[in-house]
Amino acid sequence: MTNIYQAVKVSEHVYWVGAIDWAIRDFHGYTTPHGSTYNAYLVMADKITLIDTVKAPFMDEMLSRIASVVDPSKIDYIISNHSEQDHTGCLWQVAELVKPEKIFASAMGVKALGEIFHKNNSIETVKDGQSLSLGNMDLKFMETRMIHWPDSMFSYLEKDGVLFSQDAFGMHLATFERFDDELAADMLEYEAATYYANIVLPFSAQVLKTLEKVAASGWTIKIIAPDHGPVWRKDLNFILNLYNKWARQVRVKKAVVVYATMWHSTEMMAKAIAESLAEEGIRVKLLNVDDAHRSEVLYEVLEAGALIAGSPTLNNHMMPQMADVMTYMKGLKPANLTGAVFGSFGWSGESLKDLEATLAAMKVEIVADTVSVRHVPDGDVLNKCRELGKTVAAQLNKRLS
Ligand code: FEO
């Protein structure tokens, strides 16, 4: 094992012993231009406890960081807060190496780990609200189903006031800076928002329930230690308030005009719509899906009040790159959107029906008639596009005033 990695002290008894993935650029479909971290934490209690592990190729890095504090074979307990493989990919290898006395997970975690790894090792179930004695301190558990998987749970180390929140409050950001106060607030907000929009958004109802549950827990939380990105220790309300806002899907006077284009006809329409929205005081983001990754589109939609989608027709459907973005967006369930559809076509125009059906499935309130054109828009069609923009703007201004 290499010995180049060091643990980072998080609190009196807790060390960060995770791994930094500088190279990852795609996390199950979500582009991660700034890499990520897989955070694992070592609790130096009487029962030495490892909370979560890391993605399989990073096992040696984690073990090396642990070894800078204690011989890994001294680990007594491993807690799996979340079964996804970025946190459990090396769990069994680590267990075989360090031979912990016990491994713990939620009931759904035990089930998921069995289905993922097909090992017979016994994992003990911990329940919502249960405490686990580590000898001189306790860990408490809170189930947080669907943040991000059904197995997910938080662990809380009362002695140091540390909440281990697995995916919640995380971000995909590779840095040597381990704490929020070492990084710029606007970058933290951007990265946390991108993460929320691309991972957590469909589970917003569960986020709100979890925030209430944490508030009612009586836990004195001084540090939030997620499984990705920096540890929050300076201003916990910064991230808690952002989660509260994003989970309620609060909308602002902003429109996302997202489109594909073949011969620039749909693009001309998109620009006419965007210009008219901006003239009405709406903040506009114009995104050609050939340039904007689906993750960027979702980031922009996170707080937008309107979604206006356009595509030409290719082989009786919307353009495939537009279908990619719309399918991804539908799965992430943005709510409370106002919208409209536009596009050009050569002879049949099914893209418009595709987009209308997708927006309807997303429960987007369609507030303007679809604008379509055969081949290239003329001045009349572009005026209709401008009218579409003004109608959406008026609706947004009315709704959000
Ligand atoms: Fe970081 Fe849902 O795994």
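Residues are numbered from 1 along each chain as its sequence is written, and side-chain values use heavy atoms, without hydrogens and water. Because the model is predicted, local features need pLDDT of at least 70 and side-chain atom pairs count only at pLDDT 80 or more, while totals for chains, interfaces and linings use all residues.

**Exercise 1.** Determine the strand order of the open sheet of 7 strands and state which strands stand at the edges.

Solution. Strands are DSSP runs of E with at least two residues, helices runs of H or I with at least four, both numbered from the N terminus. Two strands pair if DSSP finds at least two bridges between them.
- Step 1: the order is β1-β2-β7-β8-β9-β10-β11, and the pairing is mixed.
- Step 2: β1 (8-9) and β11 each have a single partner strand, so one side of each lacks a neighbour in the sheet.

**Exercise 2.** Trace the pairing from β9 through β10 to β11.

Solution. 
- Step 1: β9 (residues 77-80) and β10 (residues 102-105) run parallel and are joined by 4 bridges. Here Tyr77 stands opposite Lys102.
- Step 2: β10 also pairs with β11 (residues 124-125) in the parallel sense, over 2 bridges. The bridge partner of Phe104 is Glu124, and that of Ala105 is Thr125.

**Exercise 3.** Examine the backbone at Asp52, Phe169 and His148.

Solution. Most residues other than glycine have a negative phi, and most peptide bonds are trans.
- Step 1: Asp52 has a positive phi, near 65 degrees. Asp52 sits in the loop between β8 (49-51) and α1 (59-67) and is buried at 1% relative accessibility.
- Step 2: Phe169 has a positive phi of about 70 degrees. Phe169 lies in the loop between β15 (162-166) and α5 (185-200) and is buried, with a relative accessible area of 4%.
- Step 3: the peptide bond from Ile147 to His148 is cis, with omega near 20 degrees. His148 is in the loop between β13 (138-143) and β14 (153-157).

Key
Buried < 20%, exposed > 50% of the residue type's maximum accessible area, 1.4 Å probe, protein only.
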